[in-house]
Amino acid sequence: MDLPQTMRAVEITEPGGPEVLRPCERPVPVPGAGQILIKVAYAGVNRPDALQRAGSYAPPPTASDLPGLEVSGTVVATGPDVARWSVGDAVCALTPGGGYAEYVVCPAAHALPIPDGLPMDQAAALCENHYTVWSNVVTRGGLVGGERFLVHGGSSGIGTVAIQLAHARGARVFATAGSAEKCAACTELGAERAINYREEDFVPILKAEGGADVILDMVGGDYILRNLKSLAEDGRLVQIAFLQGPKMAVNFAPLMMRRLTITGSTLRPQSDLAKARIAEDLEREVWPLLSSGRIKVVMDSTYDLEKASEAHARMESSAHIGKIVLAV
């Protein structure tokens with residue numbers, strides 16, 4: 001397949017707000033051993049993109065400096081040692097960076113087939129959130145059917161996936177959100193109780209239910225202590241971000257007495273092998289749920305690639321429900 005030498009992309013011109021995202025022209029990347037080159041149809045917009053744009057989440061040394069951690073599209077070239085994918089295959093993929101562009105390379109093992117019946121825009125919204133939720137809620141948090149699960153930011157991209165996945169696994173699901181509209185979206189997805197954090201305190205609500213067995217949190221700050229108070233005995237707090245800061249003084253004596261676990265992870269720094277194993281789990285356990293419609297993709301809005309700054313402003317306003325994607 002004849003490929004162009006250059007491509008449209010969006011780069012970070014300097015650390016700052018959404019306005020520092022600017023359209024540019026870059027060389028088309030070349031896939032190396034074990035990699036595929038994808039012609040991007042849509043790229044997902046995620047909080048780590050905004051953190052990178054602000055200068056607080058640097059890409060790995062071997063990754064593209066362009067933002068963009070998930071895409072959907074078509075394989076247009078393969079590097080050496082790629083067996084599964086062929087030119088013309090439709091895929092969605094987790095990328096180490098570079099998704100805000102017409103073409104992106106990624107490890108072949110981090111790409112997945114598009115679930116049956118899913119359009120390309122929804123497929124671009126899958127990987128970052130599903131990789132994150134599965135690895136943190138199921139693998140690290142150990143959530144099983146019958147347990148009580150609390151997710152903060154239930155109407156976010158992460159939240160909408162976490163609610164549905166936990167519900168599908170038979171857990172009792174609770175969520176926090178910041179408006180009546182967002183709370184309604186959470187209950188529609190499977191939460192038995194959605195708590196408007198502007199009007200109610202989630203701590204007594206969860207304690208009245210016996211406490212949460214697993215909590216997925218991206219808020220941090222004073223939520224850390226409140227989460228610990230909300231856990232049942234042997235409960236697990238899984239931290240994936242710190243929108244309100246990562247530091248808080250904690251008395252560990254009650255944690256020992258109640259056998260609590262604090263864990264968490266970020267996805268991007270993990271090894272290629274670790275991400276490949278997550279992909280295998282997702283294809284086996286979650287992709288059939290997407291193909292059958294038991295789990296759906298909640299979409300908020302679509303922006304043209306050149307309007308990535310507007311997409312970031314939308315995300316950082318927290319007015320969105322579900323995923324924001326860029327049409328490439």
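Predicted model: local features only at pLDDT ≥ 70, side-chain atom pairs only at ≥ 80, totals over all residues.

Tutor: Now step back into the helix itself, which covers residues 308-317. Which of its residues are buried? They are Ala308, Ala311, His312 and Met315. Look down the axis of H11 and you'll find these buried residues within an arc of 100°, so they line one face of the helix. And what do they pack against? Quite a list: strands S1 (6-12), S2 (21-27), S3 (35-45), S14 (299-304) and S15 (323-327), along with helix H1 (47-54).

While you're here, have a look at another piece, an open sheet of six strands. Its order is S10-S9-S8-S11-S12-S13, and the pairing is parallel. Strand S10 (193-196) and strand S13 (261-264) are at the edges with a single partner strand each, so one side of each has no neighbour in the sheet. From one strand to the next, the twist averages 20°. Zoom in on S8 (residues 148-151) and S11 (residues 212-217): they run parallel and are joined by three bridges. Leu150, for example, has Ile215 in S11 as its bridge partner.

Helices lie across this sheet, too. Helix H4 (residues 157-168) lies across S8, S9 (172-177) and S11, and runs at about 170° to S8. Helix H5 (residues 180-189) lies across S9 and S10, running at about 165° to S10.

Notes. Residues numbered from 1 in each chain as written. Heavy atoms only, no water. Buried < 20%, exposed > 50% of the residue type's maximum accessible area, 1.4 Å probe, protein only. Helix = DSSP H or I, 4+ residues; strand = E, 2+ residues; numbered from the N terminus. Arc of directions from axis to C-beta. Contact = heavy atoms within 4.5 Å. Pairing = 2+ DSSP bridges. Axes fitted to C-alpha atoms, helices over the stretch in contact; angles between N-to-C directions.
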